[in-house]
Amino acid sequence: MVKKFFITGSAGFIGFSLAKTLLDSGQHVHGYDCISDYYDVNLKNARNKILKGYDNFSFTKDMLENQEVLNEAITSFKPEVIIHLGAQAGVRYSIEKPRVYLSSNITGTFNIIELAHKVNVAHLLIASSSSVYGANTNIPFRETDKTQTQLSVYAATKKSTESIAHSYSNIWKLPITMLRFFTVYGPWGRPDMALFKFTKSIIKGEPIDIYNKGEMYRDFTYIDDIIKSIIALTSVPPKNKKNIDKNDSLSPVAPFRIVNIGNSNQVKLLDFVEALESYLKKKAIRNYMPMQEGDVPVTWASTDLLKKLTGYAPKTDIKDGIKKFVDWYTEYYKIN
Ligand SMILES: NC(=O)c1ccc[n+]([C@@H]2O[C@H](COP(=O)([O-])OP(=O)(O)OC[C@H]3O[C@@H](n4cnc5c(N)ncnc54)[C@H](O)[C@@H]3O)[C@@H](O)[C@H]2O)c1
């Protein structure tokens with residue numbers, strides 16, 4: 001069935017890939033993005049140019065904080081589903097520029113939630129992050145775990161949006177799913193993230209910074225798996241239920257649920273670097289660094305809930321994912 005999807009952050013890494021997949025399947029998409037200069041604007045414009053090639057795509061370039069423009073874009077498009085991915089991302093940058101996170105992530109998300117209520121969408125899905133698990137040490141991380149120890153302002157803003165979303169869902173019975181993504185990687189990825197930075201530096205023969213001396217574990221999730229999971233979840237809006245399964249994060253009072261989207265597989269940072277070196281056939285110059293402020297040593301998602309709800313769970317092997325990223329990178333930047 002053809003539906004109308006309003007996607008924020010559509011010129012970003014995940015938003016672009018999601019919008020393109022929906023457009024390829026004939027859905028109508030309206031993208032909204034300010035094309036911020038947090039990282040290379042050319043990359044965002046190149047993604048947006050591809051989307052603009054589709055007849056079933058329309059786009060507004062503005063800030064989430066600009067209520068008037070956002071209101072006009074949403075009320076005139078009348079989406080059935082809103083997928084809110086626009087945000088100031090990045091743990092490390094939130095130490096330098098915390099205020100941007102408050103405005104983009106908290107005010108921006110608040111504006112989206114209010115408008116989702118106003119146009120009465122069937123389902124609002126909002127990007128949260130594995131970083132909300134903060135200092136938790138019980139692994140794998142489950143959606144029903146307490147999350148009270150965020151370690152960065154980025155994580156704190158994501159946790160705050162979960163609370164604001166729950167309150168709106170409770171008051172207005174607005175169906176909301178929070179998507180806790182675990183380290184996403186793949187073609188058209190973000191230049192501020194490890195795989196992009198490592199690939200660039202290894203090719204140029206420049207050193208790479210390896211934090212916590214490589215004693216870091218990440219649940220790396222391939223972009224196509226993230227997109228399949230988001231699309232599958234759009235058709236499972238949370239509903240109020242009396243008897244909730246103890247492993248389901250469904251709120252006891254509101255049509256609100258939190259879902260992890262990860263690969264459910266921990267990869268050691270050094271193994272990740274070795275897989276990249278092996279595909280690039282070039283050794284990295286390793287610059288071992290202490291742990292970064294605000295970072296967590298381990299992330300690992302339980303994907304039981306995602307599987308239960310959608311019948312799907314991410315499964316791309318890290319070596320295959322790295323290969324696909326490097327193939328895209330060398331073609332996009334015309335590197336032999
Ligand atoms: N990529 C990951 O590993 C990851 C992990 C966990 C959570 N997330 C979350 O997923 C979402 C998408 O992440 P991404 O990796 O695609 O990031 P991205 O930075 O590539 O995309 C975000 C987009 O939002 C836009 N944006 C930022 N602030 C805005 C504002 N105030 N108004 C309008 N547009 C604005 C940016 O221009 C950008 O194009 C974000 O909410 C991010 O926090 C990502």
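At roughly what angle do the axes of helix H1 (residues 13-24) and helix H2 (residues 41-52) cross? In this predicted model, the two axes cross at roughly 15 degrees and come within 10 Å. Axes are lines fitted to C-alpha atoms, for helices over the stretch in contact, and angles run from 0 to 180 degrees between N-to-C directions. Helices (H or I, at least four residues) and strands (E, at least two) are DSSP runs, numbered from the N terminus. Residues are numbered from 1 along each chain as its sequence is written. Because the model is predicted, local features need pLDDT of at least 70 and side-chain atom pairs count only at pLDDT 80 or more, while totals for chains, interfaces and linings use all residues.

H1 and H2 are therefore roughly parallel to each other; angles under 35 degrees count as roughly parallel, over 145 as roughly antiparallel, 65 to 115 as roughly perpendicular and the rest as oblique. Their crossing is left-handed, a term used if the near helix is turned anticlockwise from the far one by less than a right angle, with right-handed used if clockwise. Phe-16, Ala-19, Lys-20 and Leu-23 of H1 make the contact with Arg-47, Ile-50 and Leu-51 of H2, where contact requires C-beta atoms, placed from the backbone, to lie within 7 Å. Of these residues, 5 are nonpolar, none polar and 2 charged. In this classification Ala, Val, Leu, Ile, Met, Phe, Trp, Tyr, Cys and Pro count as nonpolar, Asp, Glu, Lys and Arg as charged, and the others, Gly among them, as polar.

H1 also takes part in the ligand shell, to which H1 gives the most, with 3 residues. The ligand is surrounded by 27 residues, the closest being Gly-9, Gly-12, Ala-87, Ser-104 and Ala-127; a residue is near a molecule if its C-beta atom, placed from the backbone, lies within 6 Å of it. At least two residues of the shell come from each of H1, helix H5 (98-118) and strand E5 (123-129). The shell comprises 13 nonpolar, 10 polar and 4 charged residues.

An open sheet holds 7 strands in the order E3-E2-E1-E4-E5-E6-E11, with parallel pairing; strands pair if DSSP finds at least two bridges between them. Strand E3 (57-60) and strand E11 (256-261) form the edges, each pairing on one side only. On average, neighbouring strands are turned by 20 degrees against each other, direction ignored. Within the sheet, E5 pairs with strand E6 (residues 176-181) in the parallel sense over 6 bridges, and Ala-127 has Leu-179 of E6 as its bridge partner. Helix H6 (residues 153-172) lies across E5, E6 and E11 at about 155 degrees to E5. Helix H8 (residues 223-234) lies across strand E4 (81-84), E5, E6 and E11, running at about 145 degrees to E5.

The axes of H5 and H6 come within 10 Å and cross at roughly 15 degrees. H5 and H6 are therefore roughly parallel to each other, and their crossing is right-handed. Among the contact residues are Tyr-101 and Phe-110 of H5 and Tyr-154 and Trp-172 of H6. The contact of H5 with H6 has 12 nonpolar, 6 polar and 1 charged residues.

Helix H7 (residues 194-204) and helix H9 (residues 269-280) pack at about 45 degrees, with axes 11 Å apart. That makes H7 oblique to H9. H7 passes H9 in a right-handed crossing.

Note on methods:
Contact = placed C-beta atoms within 7 Å.
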